[in-house]
Amino acid sequence: MRFRYVNMLMLFALVLASSVPLMAQDDMECEDGYRYFEHELLISEPTCIPEDPQRIISLDMAGTEFLAYMGEPLIGSFGYVLDEVSALSPQLADTLADVQPFDWPPNLELVTELEPDLIIAFGDVSLELAGLDAIAPLLIYDPYANKGVWNASTGFYAQAVELDDEFAEMYEL
């Protein structure tokens, strides 16, 4: 009987100890000026991001267009994305003219020189994102998770830069 009690106590301690990291993730504290970001579309690890990002790199077409429309401080994106968004939304061409274009994959040295405080990208096996998280907080979302929900990626960007109300208003959700 005593042996069973000790085993149960040890099992309880093991379960409790293994759940502490999970509880700690939910209560992750960020330094001043940052907030913890997690999202159902996030495929990178939840992380601390700036509360008010001032130098954003967007490696996604929908995100780049949304950030430009909303007047967010976009400093870099793929060259083809900048060309496409400028062609599809000519009113954004002047805004996007000052955004640094990247090739595929983005040049880490150039990204570092731009000193971004947030990088947001879509997750795709053809997109090489290694090393970007050492430069700035990196959010990678799954573009395939919500097939049929055409504005899911834009909603992800809206939550990342805390423009949920503006997003809802744009799409009258």
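Trainee: In what order do the strands of the open sheet lie?

Mentor: Strands of a sheet pair through backbone hydrogen bonds, either parallel or antiparallel. Here five strands form an open sheet with parallel pairing, in the order E5-E4-E3-E6-E7. Strands (E, at least two residues) and helices (H or I, at least four residues) are DSSP runs numbered from the N terminus, and two strands pair if DSSP finds at least two bridges between them. This is a predicted model, in which local features need pLDDT of at least 70, side-chain atom pairs count only at pLDDT 80 or more, and totals for chains, interfaces and linings use all residues. Residues are numbered from 1 along each chain as its sequence is written, and side-chain values use heavy atoms, with hydrogens and water left out.

Trainee: Which strands stand at the edges?

Mentor: Strands E5 (100-102) and E7 (138-141) do; each has a single partner strand, so one side of each lacks a neighbour in the sheet.

Trainee: How do helices H6 and H7 cross?

Mentor: Axes are lines fitted to C-alpha atoms, for helices over the stretch in contact, and angles run from 0 to 180 degrees between N-to-C directions. The axes of H6 and H7 (residues 164-171) come within 8 Å and cross at roughly 150 degrees. The two helices are therefore roughly antiparallel (an angle over 145 degrees). Their contact (heavy atoms within 4.5 Å) involves Thr154, Gly155, Ala158 and Gln159 of H6 with Asp164, Phe167 and Tyr171 of H7.

Trainee: Where does H6 lie relative to the strands?

Mentor: Helix H6 (residues 152-160) lies across E3, E6 (118-122) and E7, at about 155 degrees to E7.

Key
Parallel < 35°, antiparallel > 145°, perpendicular 65-115°, else oblique.
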